[in-house]
Amino acid sequence: GAVPAFYPWIYPLDPSMVGGGVLPGAWGVVNMQGSGGAALPAGVQIPTDGSTKPSSSDALETAPQAKKRSGRKGKKEFESGATSTPLAVGELLGNTAVLDALAEVRRDGAKSQVLLRDVLSHVAELAQDTEGSRFLQAKLETANTAERREVFDALLPKMEMLAGDSSGSAVVQKLLDICTPDQRRAIVEKFRQSVVKLSLKMHGCRVIQKAFQVCPPELQSMLAGELKHGVLDCIKSMHGNHVVQKCIEQMPPESVSFVVEAVEDKAEAMAAHIYGCRIIQRLLEHCTPKRLERMLRQILRSIRKLSTDPYGNYVIRHILEHGNPEHKKSIVNEVCNYVLELGKDKHASNVVEKCFEASTTGEHAAFLKEERQRLIRAVLGPAPKDPSDRSSPLVQLMDDRFGKYVANSLVEYSRGPEEMKILYSRISSAPGKKASIASLLEMLERQLQQAQYQQMAQQQVLQFQPLRAKQGSAK
C-alpha cells in the first residue's frame, strides 16, 4: 500500500538508494534528503538478515530526536542509555490503512465507502466527530448484529458523556432506535443518574426524549422517577421543557401526576410562562379535565388577563378545545363581557376567534348554543339609530388591525339563512372601511350560497326517501 505523507522516511528500497549496497529486505529506512547513495540518518540500521522488518532494537528515531520530542523524561532515558521500544516499520504500515480510513470518514461522513469493521477500534472518537457521527449513524442502520454489538460495547462505557455531546448524542439516539431491549436498558442505566442534567442541555435533552419515545413502560417510569427531582427546572428550561412534554405524550396520564402537582399550585404563572404554557397544553391534551380541575380553577379565575398574554392566550384557546363544557362556557361568557377590548388585542383576538369556532363546530357546540348567540349579539351591539354612528363594537372591530379577524370569524362561523341575512344587513349598512365591508359581504354571499345548496340537497334526499321505501317493499 501507499505510504502516507506523515511517514516520509519509510520507503520501498532499491539497491541504488543505499549506494549500490545489496538490501535483502523489502523495506528500509532512508533519509528524505538523498536518493541514490544518500546517507542514512545516524542511529538507523537496515536489516541484513533477510527480514522485512527492523528488529526491536532498530530505532525509527535518532536518540537526539527522541530527546527533543520527549522533553525532560526523554533526556533522562537518553542519559541512562534506555530507549522506548519503537513500532516496527511493518506495524506502522499496517496502521496506515486504518489511518487512511479514518481520514476518509472524517472527510466524507455518511457518504464514505469505508466499511464499519475497518474502523471499529476507533468508534468512540468517531462518535464525537461531526462527520464521524454521521458515518456511524448511516452504518449502524445497515450493520449486522455482530457489528452493532461491537459498536455498542465500545461506546457503552462512555454513554453518559456521549449523550451530552453535540455529535455523540446523535449516535446514542441511533443506538436507542436499533438496539435490543437489553442493550437499551444498559444504555438508560448508564445515564440514569444524569437525567435532569442531560435534560437541561441542548443535545442531552434529545437523548432523553428519544429514550422516553422508544423505551418500554418500565424504563419510562425509571426515567420519570429521575426527572421528578428537577421537573420545575426542566419546565422552565428552553431544553428541558421538551423532555417534560415528551414524558406527558408517551406515558399514561396516571404516570405524570408529578408534573400536574408541580404545575397546579402555580398554574396562572405557568400559563403565562414561555415554556410553562407548553406543559399545560400537553396536560390538557393527554389528561382528563377532572384530573386537572385544581389547575383549571386557577387559570379560569384569570381568563381576561391570560387572554391578553403572549403565552397565556394559547392556554385559554387550548381549554376551549380540550376542556369540559363548563370550562368552555366560562370562557365564552367572560369574552362576551369584554369582547371589544379583547377583540382589538393582538393576542386576545385569537381567543375571541376560538370562541366562535368552539361554540359553532367544536365538540360541545350543542351545549354552547346560548353562549354563541350571546357572543354574536356582543359583537354586533345594538342596532345604531344613526347610520353614521361608529360606536358599535362591529364597526370598531372592522376598522381595527386585529379586530378585523374577529369580524371575519363572525362571518365564517355564521349558520343558517336567517342569521346570515341579519349579518348582511348590519355589515352592509355599517360606516366602516369600504374594502373591509366588501370583503365581509363577499364572504357572506359565499356562505349563504353554500347554505342554500346544502338545504336543496337535504330536500332532495327527503323527496327520494319515500320512493326508495316503495321500491324496497315492491321487491
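Colleague: What volume does the largest cavity have?

Modeller: Our model is predicted: local features need pLDDT of at least 70, side-chain atom pairs count only at pLDDT 80 or more, and totals for chains, interfaces and linings use all residues. Residues are numbered from 1 along each chain as its sequence is written, and side-chain values use heavy atoms, leaving out hydrogens and water. On a 1 Å grid over the protein atoms alone, a cavity is a set of points where a 1.4 Å probe fits but cannot get out; points are joined across faces, edges and corners, and probe spheres set on them fill the volume. For the largest cavity, that comes to about 60 Å³.

Colleague: Nice! How many nonpolar residues are in its lining?

Modeller: Lining residues have an atom within 4 Å of a point, and here they include Pro384, Leu394, Arg426 and Pro431. Ala, Val, Leu, Ile, Met, Phe, Trp, Tyr, Cys and Pro count as nonpolar, Asp, Glu, Lys and Arg as charged, and the others, Gly among them, as polar. The lining of the largest cavity has two polar residues, two charged ones and, for the class you asked about, six nonpolar.

Colleague: Which helix gives the most to the lining of the second largest pocket?

Modeller: A pocket is an open set of points with protein on both sides within 12 Å along at least five of seven lines, and this one holds about 170 Å³ of space. Helices (DSSP runs of H or I, at least four residues, numbered from the N terminus) matter here, as helix 26 (417–428) and helix 27 (434–474) each supply at least two lining residues. With six residues, the top contributor is helix 27.

Colleague: What share of the protein chain's residues count as buried?

Modeller: Buried means under 20% relative accessible area, exposed over 50%, and partly exposed in between, using a 1.4 Å probe and protein chains only. In helix 19 (residues 312–322), for example, the buried residues include Val315, Ile316 and Leu320. Out of 475 residues in the chain, the buried share is 43%.

Colleague: Which residues have the most contacts inside the largest nonpolar core?

Modeller: A nonpolar core joins buried Ala, Val, Leu, Ile, Met, Phe, Trp, Tyr and Cys residues through side-chain atoms within 4.5 Å. In general, nonpolar side chains in soluble globular proteins tend to be buried together. Contact means heavy atoms within 4.5 Å; beyond its neighbours within four places in sequence, Leu155 touches residues including Val123, Leu162 and Leu175. The core has 115 residues, and those with the most contacts are Leu155, Ile187 and Phe191.
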